[in-house]
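These are my notebook entries on a structure that I looked up for the first time. I set down what I looked for and what I found.

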Amino acid sequence: MTQYILRRVLIAIPTLLVISFVIFAVLAMAPGDPLAQFALNPAIPESTRQLIRTQFGLDQPWPIRYVKWLTSLSRGDWGFSFSTKSPVIDIVWQRMPQTLQVVGLAYLIAVCLAIPIGILSAVTQYSIFDNIATFFSFVGFSVPSFFTGILCILLFAVNLKWFPIVYSTTLEVNSLATFGQQVRQMFLPVLVLVVQQTAALTRFMRSSMLDNLSLDYVRTARAKGLSDRVVVVRHVLANSLIPVITLIALGIPTIFAGAIITENLFRVNGLGALLITSINNSDTPVVMALTFIFSILTIIFNLIADIMYGVLDPRVRYG
Amino acid sequence: MSEADQALDGRTTVTTTSALSQQLTTGIAIKPRTLLGDAWRRFRRHRLAMFGVATLLFFGLSVSLGPLIYQGYLLRQLEQEGMPISNPHPDLRALVDHLDFLSLMTPPNSIHLLGTDDLGRDLLARCMYGGRVSLAVGFVAMIIAISLGTFVGAVAGFFGGSIDQILMRITDLFLSLPVIPFILLTVYLFRDPVILAMGSPETGIFMIVVTVIGCLAWMQTARIVRASFLSLKEKEFVEAATALGVGTWAIMFRHILPNAMGPIIVAATLEVGSAIITESTLSFLGVGFPPDTPTWGRLVTDGSQYLQAAPWLALFPGALIFLAVLSINFLGDGLRDALDPRSRL
């Protein structure tokens with residue numbers, strides 16, 4: 001077991017290195033000057049721009065820059081943002097809580113909704129409940145999440161005026177009233193993410209349950225006189241959850257990507273909004289750091305999914 | 001008629017046909033049942049999939065032939081209104097860009113069937129044009145993703161060994177790339193040179209969006225194809241083909257591939273839908289097509305600024321994206337059931 005985990009981790013490290021190299025290469029080989037914003041400024045002469053270029057190390061060939069980036073990263077130094085001149089890591093830490101709050105809460109709700117709906121759907125296959133659930137999960141993953149967001153804004157914020165349109169990041173939660181305000185402003189961004197994630201997870205849960213319900217051990221359990229509840233919960237559910245749990249782990253990076261859209265729609269100043277503004281400002285160090293963080297998340301959760309699958313399913317051999 | 005009656009009706013027709021086919025069996029010859037015929041029979045029974053096919057056909061006709069009918073109508077209406085188009089031979093593009101200053105942001109009416117935007121441009125004409133772009137993006141991105149995936153999967157599964165190892169490592173690598181950030185990044189960074197190389201912004205953005213989406217969506221197909229090739233290459237018909245002296249590539253693509261087609265077709269269908277969503281998301285984030293090219297995603301984004309004054313501007317194109325993708329997903333689901341009756345997802 002330990003060996004299996006160790007090998008998985010050892011594969012993940014070179015993958016991360018290659019991905020960081022690819023992202024760096026894409027950024028470096030792309031045309032466009034990260035200092036273009038200074039070129040338009042008449043107060044900064046060509047010589048000063050050259051100086052800034054040397055200062056940031058931009059005059060060196062990009063493979064050398066990559067090695068330098070990597071060595072400073074190994075010391076925990078993510079570089080400096082071109083536009084705000086502050087350390088990248090500080091900006092990321094500053095933006096992280098908003099994203100984690102919304103994304104974490106949304107995913108938690110989605111999982112709590114999807115598992116029971118999926119179970120009920122599978123147990124009562126082709127019933128009215130199942131048909132409705134199936135229909136809604138199809139709707140859920142056929143709507144682009146920005147459109148769900150626009151619909152929610154139109155309905156809940158413009159017409160009903162229940163929730164604010166724009167997320168206020170200056171709000172400090174220090175009393176019951178401000179807590180209520182925080183809950184209300186988080187409601188819509190969370191709702192949009194929940195709709196999208198629940199749809200996919202419900203489908204997986206349902207099909208995983210159905211795969212197990214037709215197996216022989218279920219018939220055996222029924223034959224020895226166990227009640228329906230015990231058969232479903234203790235036997236079928238336990239087995240069906242194995243692939244679903246790994247999928248839940250695999251889905252975490254995608255919900256961060258979903259946050260890019262909701263954060264731009266509701267003006268939550270989290271990591272997703274930071275990525276878009278940095279891309280538009282050609283702020284290469286921030287873009288590099290964020291894309292790399294998203295890759296690290298993907299790889300870590302792939303790893304967790306792999307390991308959990310091994311732990312939960314004794315049939316998986318650690319070959 | 002209640003649903004139960006309808007169901008009963010359906011059952012009686014089934015019994016009559018089967019009775020008929022029994023009569024025929026006792027006769028001389030009956031039409032042979034083919035694999036595709038069976039699939040079609042299963043597919044027809046999938047009501048949602050048939051709904052999908054109908055909607056998609058309607059969309060296809062609307063964006064290809066629809067403008068021919070609507071063009072004449074809109075021109076006459078504009079003339080009556082007093083805002084005729086100066087262009088003597090107007091096409092869809094001219095209608096898309098035509099500014100009708102007499103009706104700015106009007107709700108759907110008899111002149112502009114779906115209303116107009118803030119510059120008085122006709123929303124239906126723009127939706128038709130946008131549909132062409134969006135559906136084309138979905139289709140071409142799917143072709144790229146499926147061809148790449150099929151090729152990689154086929155080579156990895158057929159040759160095995162170190163080729164398989166290397167290709168699967170690359171597949172894993174692509175699966176670990178954060179897709180949306182990476183697409184945003186590449187489209188943003190490379191769009192100017194590609195536009196320069198292609199001559200027009202629209203073709204340039206089309207090429208880059210389609211390539212990037214396609215190149216980041218082939219991995220699942222590669223895995224599916226590899227898995228089927230691994231088992232199919234051990235079958236007798238492959239041995240027979242080898243014994244007959246058929247070349248390696250012909251065995252792979254003429255003999256094995258048709259047997260692995262089912263899951264590929266399903267993956268291809270679903271890929272069209274997800275490419276349409278990705279493209280509209282890019283437009284929403286401001287990294288998609290140029291502002292004067294109305295794609296569905298672009299129309300929703302532009303319309304979302306006028307949610308209070310003119311909600312139809314965002315709602316109609318959004319509903320079109322939703323309906324198109326929903327139909328594609330239903331179609332994919334029906335195809336999955338029809339081509340592989342054992343699978344359930």
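**Conventions.** I noted that this is a predicted model, in which local features need pLDDT of at least 70 and side-chain atom pairs count only at pLDDT 80 or more, while totals for chains, interfaces and linings use all residues. Residues are numbered from 1 along each chain as its sequence is written, and chains are lettered from A and ligands numbered from 1 in the order in which they are written.

**Chain A overall.** I counted twelve helices and zero strands in chain A; helices (H or I, at least four residues) and strands (E, at least two) are DSSP runs, numbered from the N terminus. Its C-alpha atoms fill a box of roughly 85 × 60 × 35 Å along the principal axes. I found that 35% of the 319 residues of chain A count as buried. A residue is buried if 20 or more other C-beta atoms, placed from the backbone, lie within 10 Å of its own, exposed if 12 or fewer, and partly exposed in between. Of the contacts in chain A between residues at least 6 apart in sequence, 71% join residues at least 24 apart.

**Domains of chain A.** I looked up the division into domain 1 (2–74) and domain 2 (92–312); the bounds come from an automatic or database domain assignment. The C-alpha centres of the two domains of chain A lie 33 Å apart. In chain A, 15 residues of domain 1 are in contact with 13 residues of domain 2. On the domain 1 side, helix α1 (residues 2–29) of chain A gives the most, with twelve residues. That side has eleven nonpolar, three polar and one charged residues. Here Ala, Val, Leu, Ile, Met, Phe, Trp, Tyr, Cys and Pro count as nonpolar, Asp, Glu, Lys and Arg as charged, and the others, Gly among them, as polar.

**Chain A against chain B.** I recorded 37 residues of chain A in contact with 37 residues of chain B. On the chain A side, α12(A) gives the most, with eight residues. The residues of that side divide into 27 nonpolar, nine polar and one charged.

**Helix α11(A).** Is this helix enclosed or open? I found eight of the ten residues of α11(A) buried, so it is largely enclosed by the rest of the structure. Among them are A:Leu271, A:Gly272 and A:Ile279. The buried residues of α11(A) pack against α5 (88–123), α10 and α12 of chain A together with α8 (179–198) of chain B. After α11(A) comes A:Ser282, whose phi is positive, near 50°.

**B:Thr221.** I located B:Thr221 in helix α10 (residues 219–232) of chain B. B:Thr221 is buried, with 26 other C-beta atoms within 10 Å. The C-alpha atoms of B:Thr221 and B:Ala145 are separated by 8.0 Å, although the two residues are 76 residues apart along the chain. Leaving aside neighbours within four places in sequence, the contacts of B:Thr221 include B:Ala145, B:Gly149 and B:Ile264.

How values were computed:
Two residues are in contact if their C-beta atoms, placed from the backbone, lie within 7 Å.
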